[in-house]
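Thanks for coming, everyone. Let me put the structure up, and then we can walk through it.

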Amino acid sequence: MTTKKARLLGAVAFGVFGATAALADDVEVLHWWTSGGEAAALNVLKDDLQGQGIGWNDMPVAGGGGESAMTTLRARVTAGNPPTAVQMLGFDIQDWAAEGALGNLDDVAAAEGWDAVVPAALQAFAKYDGHWISAPVNVHSTNWVWANKSILDELGIAQPATWDDFVAAMEAVEASGRVALAHGGQAWQEATMFDGVVLSAGGPEFYKAAFVDLDPEALGSDTMVEAFRRMETLRSHVDDNFSGRDWNLASAMVINGEAAFQIMGDWAKGEFLNAGQVPGEDFLCFRVPGSEGTVTFNSDQFAMFNVTDDGARAAQGAMAASIMSPSFQSAFNVVKGSVPARTDVPNDAFDACGKQGMAELAAAADAGTLLGSMAHGHANRAAVKNAIYDVVTAHFNGEFDATTAAEELVNAVESAM
Ligand code: GAL
């Protein structure tokens, strides 16, 4: 008996035989969810599909932010062999759609009413030319700080409310002999901190002018110089072994009490949860001081590549429908650290940080302060993003001072546009 037949018979036996799943092949999924917390979240998706009789063919490409995954994807597509579904961010989705590489999800989107429930900021990436081309699985946000609560309690440090408080807190931690800031020296991680730092230095309008509109005046301004100075302050509070460290190992330093803080997107929460920690008891989550009221977001979406085979198409449709179901959005995002990609999912199952994230996402969308993450491909296309990465990382590693960094930023962005 073929595997597929066996699977279908199994599905019948368990009473989960649906019209779509009946035809569906396995899905081959390219993604970069390889840390403990990410893998736990991915299992929610695998199990969901397996429950419908759809098998999972895993194609993980490690590397936070997905740069390596995107390189692998390009090679697969060039070889004429795209995966069924690909984890993808922001402008990358639009670029692949513009190449005509993505399939059309309008049928499933119409049947499930996506138009009414997916926030406009996400539809801007999930639709191309008016057609649905990807299924958003979550909304992450980058301007968060994760803190070890017992270190702060022991040192009598209150949750920092301003940038200056934050700096004072880092100094106090360091004086106690611990690492103040857990950081992994990889360009995307420095860029992730830069999202929050630029906001804290300049506010949402400045962030938008610099990273979304690429206004050279904002990019080269005194405010940008101040943002780079703040990065220098952060650099002075990381440990000696930061270079090349993966983000989840930096999270582990906070989890195990080696370090007090990490500035990272809320996928970090997945690591704390995976280690059995509880927000408010073991760890704290708060916005990068000075960035409150603004949410820099990125939404992981599954883009479906053009496939001709009916079984593969059926699998794509079933996967897209699963991803967008309210129950899946709750179950997955509770584990992942993100918040749902639809506006009608109850917050009951979410912990305190998740409830805060959901409320802040809605408030920011209303206030016009929901802004795409530069670091995670939601403010500009990859070429511009990479140009910004280069400058931020070179500066962080001491290649030039803050004033020069702002000048370099103007030039780098101009030549990448
Ligand atoms: C982001 C992605 C998150 C998380 C993170 C670290 O780009 O949106 O889901 O996986 O990278 O790997």
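First, a definition: helices (H or I, at least four residues) and strands (E, at least two) are DSSP runs, numbered from the N terminus. This is a predicted model, where local features need pLDDT of at least 70, side-chain atom pairs count only at pLDDT 80 or more, and totals for chains, interfaces and linings use all residues. Residues are numbered from 1 along each chain as its sequence is written, and side-chain values use heavy atoms, with hydrogens and water left out.

Start with alanine 260. It sits in strand β10, residues 259–263. Is alanine 260 buried or exposed? Its relative accessible area is 0%, so alanine 260 is buried. Buried here means under 20% relative accessible area, exposed means over 50%, and partly exposed lies in between, with a 1.4 Å probe and protein chains only.

What does alanine 260 touch? Leaving out residues up to four places away in sequence, its contacts are Trp146, Ala147, Asn148, Ile151, Leu152, Val173, Val179, Ala180 and Val254. A contact is heavy atoms within 4.5 Å. Take valine 179 from that list. Valine 179 and alanine 260 are 81 residues apart in sequence, yet 6.6 Å apart in space, C-alpha to C-alpha.

Now the sheet around that strand. It is open, has 4 strands, and runs in the order β9-β10-β8-β11 with mixed pairing. Strands pair if DSSP finds at least two bridges between them. At the edges are β9 and β11 (283–287), each pairing on one side only. On average, neighbouring strands of this sheet are turned by 20 degrees against each other, direction ignored. Inside the sheet, β8 and β10 run antiparallel, joined by 3 bridges. Valine 145 stands opposite isoleucine 263 in β10. Helix α10, residues 163–175, packs on this sheet and touches β8, β9 and β10. Its direction makes about 145 degrees with that of β10. For such angles, axes are lines fitted to C-alpha atoms, for helices over the stretch in contact, and values run from 0 to 180 degrees between N-to-C directions.

Next, helix α14, residues 247–255. Which of its residues are buried? They are Trp247, Ala250, Ser251, Met253, Val254 and Ile255. These buried residues pack against α3 (36–50), β8 (144–148), β9 (179–181), α11, β10 and α15 (268–274). Just after α14 comes glycine 257, with a positive phi of about 85 degrees.

Two other residues have a positive phi without being glycine. Most residues other than glycine have a negative phi. Aspartate 129 has a positive phi of about 55 degrees. It lies in the loop between β4 (127–128) and β5 (131–132). At 67% relative accessibility, aspartate 129 is exposed. Leucine 214 also has a positive phi, of about 55 degrees. Its loop runs between α11 and α12 (216–219). Leucine 214 is buried, at 8% relative accessible area.

Strand β12, residues 295–298, pairs with β14 in the parallel sense over 3 bridges. Threonine 296 stands opposite leucine 371 in β14.

Serine 322 is buried at 6% relative accessibility. Its side chain makes a polar contact of 3.0 Å with that of aspartate 48. A polar contact is a pair of N or O atoms within 3.5 Å; within protein, one must be able to donate a hydrogen and the other to accept it, and residues adjacent in sequence count only if both atoms are side-chain atoms. Beyond its neighbours within four places in sequence, serine 322 is in contact with Asp48, Leu49, Gln52 and Phe328.

Finally, the whole protein. It has 20 helices and 14 strands. Buried residues make up 57% of the 417 residues. Among contacts between residues at least 6 apart in sequence, 75% join residues at least 24 apart. The C-alpha atoms fill a box of roughly 65 × 45 × 40 Å, taken along the principal axes. Questions, please.
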